[in-house]
Amino acid sequence: MAPTVSMEDYIERIYLLIDEKGYARVSDIAEALDVHPSSVTKMIQKLDKDKYLVYEKYRGFMLTPKGKKLGQRLVYQHELLEDFLKAIGVDEENIYEDVEGIEHHLSWNTLDRIGDLVQFFQEKSERIEELQEIQRKNEEFEQNPS
C-alpha cells in the first residue's frame, strides 16, 4: 500500500529526528507535528503494520530499510523544492509553507524535472541573474501598467 500524505509526514519527521539525534521519541514527533502523543502512537502502529518501521511497545521503534529509503526520498524532495523556490525568487517567509503545500502532490518524474531545473540554475549564476532581471521588469510593469 502506498503511504498517505499523513504517513509521509510522520516518516519524514521520524527520519529527520533519527538523523539529528540518533533516535525519535513519541513526544518529539508529537511536538514537531503539533499533534497529540496518542495520535503519534496510533500512526506508529500503522507504520509498523505497513513495514515502514518496527515498533515494540515500551521499547521504541526503528525505521525499516523501506522506511529509511522513503524518509531519505522525502527529505530530498523537501530540500529540492526549497532550493527550487529559492532559485525562482519566492520570498523566504513563504517557502516552508509552500513546500508543505505541494510536496505530496508531485510525481517523482516532476520532481526529477524540477531537480534538472535547479541544477540548470546552479551551474551558472548568470541564469539566476537573468531570471531576476525578468522578474524586476515584470514587477515594474505590474506597478506601472501604462
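Reader: Which hand does the crossing of α1 and α2 have?

Author: A crossing is left-handed if the near helix is turned anticlockwise from the far one by less than a right angle, and right-handed if clockwise. The crossing of α1 and α2 is right-handed. This is a predicted model: local features need pLDDT of at least 70, side-chain atom pairs count only at pLDDT 80 or more, and totals for chains, interfaces and linings use all residues. Residues are numbered from 1 along each chain as its sequence is written, and side-chain values use heavy atoms, without hydrogens and water.

Reader: At what angle do helix α1 and helix α2 pack?

Author: Axes are lines fitted to C-alpha atoms, for helices over the stretch in contact, and angles run from 0 to 180 degrees between N-to-C directions. Helix α1 (residues 5-21) and helix α2 (residues 26-33) pack at about 120°, their axes being 10 Å apart. That makes α1 oblique to α2, since angles under 35 degrees count as roughly parallel, over 145 as roughly antiparallel, 65 to 115 as roughly perpendicular and the rest as oblique.

Reader: Which residues make the contact between α1 and α2?

Author: Contact means heavy atoms within 4.5 Å. From α1 the residues include Y10, I14 and L17, and from α2 they include I29 and L33.

Reader: Which residues of α6 are buried?

Author: Buried means under 20% relative accessible area, with a 1.4 Å probe and protein chains only. In α6 the buried residues are L111, I114, G115, V118 and F121. They cover an arc of only 125° around the axis, which puts them on the same side of α6.

Definitions and conventions
Buried means under 20% relative accessible area, exposed over 50%, partly exposed in between (1.4 Å probe, protein chains only). Helices (H or I, at least four residues) and strands (E, at least two) are DSSP runs, numbered from the N terminus. The arc is that of the directions from the helix axis to the C-beta atoms.
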